[in-house]
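Biologist: Could you take me through this model before I set up anything around the ligand? I'd like to start with the overall fold and then move on to the ligand's surroundings.

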Amino acid sequence: MKKVIITGASSGIGEAIAEEYAKKGYSLGLIARRLDRLKVIKRRLNDLGVTVAIRSLDVANDQEILPTMESIAEELGGADIIIANAGITAINRTGKDNFEVNRNVIQINMISAMATVDAAARIFRANKTQGQIVGVSSVSAYRGIPGSAAYSGSKAGFSNYLDAVRMELSNKGISVTAVHPGFVKTELSDNMEKYPFVITADKAAKAIIAGITKKEANIIVPKMPWSALSKLMQVMPDKLVAKMF
Ligand SMILES: NC(=O)c1ccc[n+]([C@@H]2O[C@H](COP(=O)([O-])OP(=O)(O)OC[C@H]3O[C@@H](n4cnc5c(N)ncnc54)[C@H](OP(=O)(O)O)[C@@H]3O)[C@@H](O)[C@H]2O)c1
C-alpha cells in the first residue's frame, strides 16, 4: 500500500487529506508542532486500520526537515507521496504593522516549504523512487491580496519554485504538483466565512487527492469558480481585487 507524508497535518487541509488517504488504506506520516493533536488523529486513523507515524516538528527549524522526513519514511518503510502543506497567514499592513511578521510568513510558507520539497526530492532520488511531490500554495499566487502582501508573495514564490522544480525532476520520474486553494474553512484565519466561495476542508481534500492521483501539474480548488477567476484576477482592476478580499 502507498505511503504519504504530510506536513501541517494537525488541522485543516492537511488533516482532511490524511483522513481521505486513510479511507483509501494508505499508510501515513504526519508532521506538525502540536503533538497532542497528532496523537488524537493517529488514534482515529489507526481505527480505520491504517499505519500512522507522527513527528512533532517546527518547520521553522528547516535543517530538521530532512532528518525528520527520513526518520518517518524509515518507520513507514518508504514514501510515495510527500505533501508540503504546513503554512501560516497574517494580516499585516505595509509600513504600519510589525515587519517581523512578514519574515515569519516567508520563512514558513516559502523557505521551510522549499526545504520540505528539497527533502522529498532527496529521499526519492536516494531510493530511486518515482515519487510525487505536492506543494500547497494558494490562489493568492495569481494576484496579491491587500493586507496579506507577504502571504501572497510567499505563495507566488512557492508556486514559481514548484514550476521550476517540476521541470527539473521530470526526467527523474518524480512528479511535482502545485495546489492552489481558494478559501477553505480551517483554523488558518478567523472569519473565513466572510471570504468568497468558501468550501470545507473535506471537500478541498477530495478534490486535491483527485488531482494528485492524475499527477496534475496544477490543482485549483474549488475548480469552479477559481480556475476562471485566477486568470481574471491577473487583469482585474486593483479596486475590484481589493473589494473581493
Ligand atoms: N484555508 C484556506 O483558505 C487556504 C487557502 C489557500 C491556501 N491555504 C494553504 O493551505 C495550507 C494548510 O492551511 P489550512 O488552511 O489547513 O490551515 P490550518 O488549519 O491552520 O493548518 C495549518 C497547518 O500547518 C501547521 N503549521 C503551521 N506552522 C507550522 C510550523 N512552524 N511548523 C510545523 N507545522 C506548522 C499547523 O500545525 P501546528 O500548528 O500543529 O504546527 C497546521 O497543521 C497552508 O499552506 C495554507 O497557506 C489555505
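Predicted model: local features only at pLDDT ≥ 70, side-chain atom pairs only at ≥ 80, totals over all residues.

Biologist: Okay, and how many helices and strands does the protein have?

Modeller: There are 8 helices and 9 strands in the protein. Its radius of gyration is 17 Å, close to the 18 Å that the globule rule gives for 245 residues, so the protein is as compact as a globular protein of that length. The C-alpha trace spans about 50 × 40 × 35 Å along the principal axes.

Biologist: What share of the contacts with a separation of 6 or more comes from residues 24 or more positions apart?

Modeller: Residues 24 or more positions apart make up 67% of those contacts.

Biologist: Switching to confidence, which element has the lowest mean pLDDT?

Modeller: That is helix α8, residues 238-244, with a mean of 90, whereas strand β5, residues 132-136, has the highest at 99. Across the protein the average pLDDT is 96, and 100% of the residues score at least 70.

Biologist: Now the ligand: how many residues surround it, and which are the closest?

Modeller: The ligand is surrounded by 29 residues, and the closest of them are Gly-8, Gly-12, Arg-33, Arg-34 and Gly-87.

Key:
Residues numbered from 1 in each chain as written. pLDDT = per-residue confidence, 0-100. Helix = DSSP H or I, 4+ residues; strand = E, 2+ residues; numbered from the N terminus. Near = placed C-beta within 6 Å. Rg over C-alpha atoms; globule rule 2.2 N^0.38 Å. Contact = placed C-beta atoms within 7 Å.
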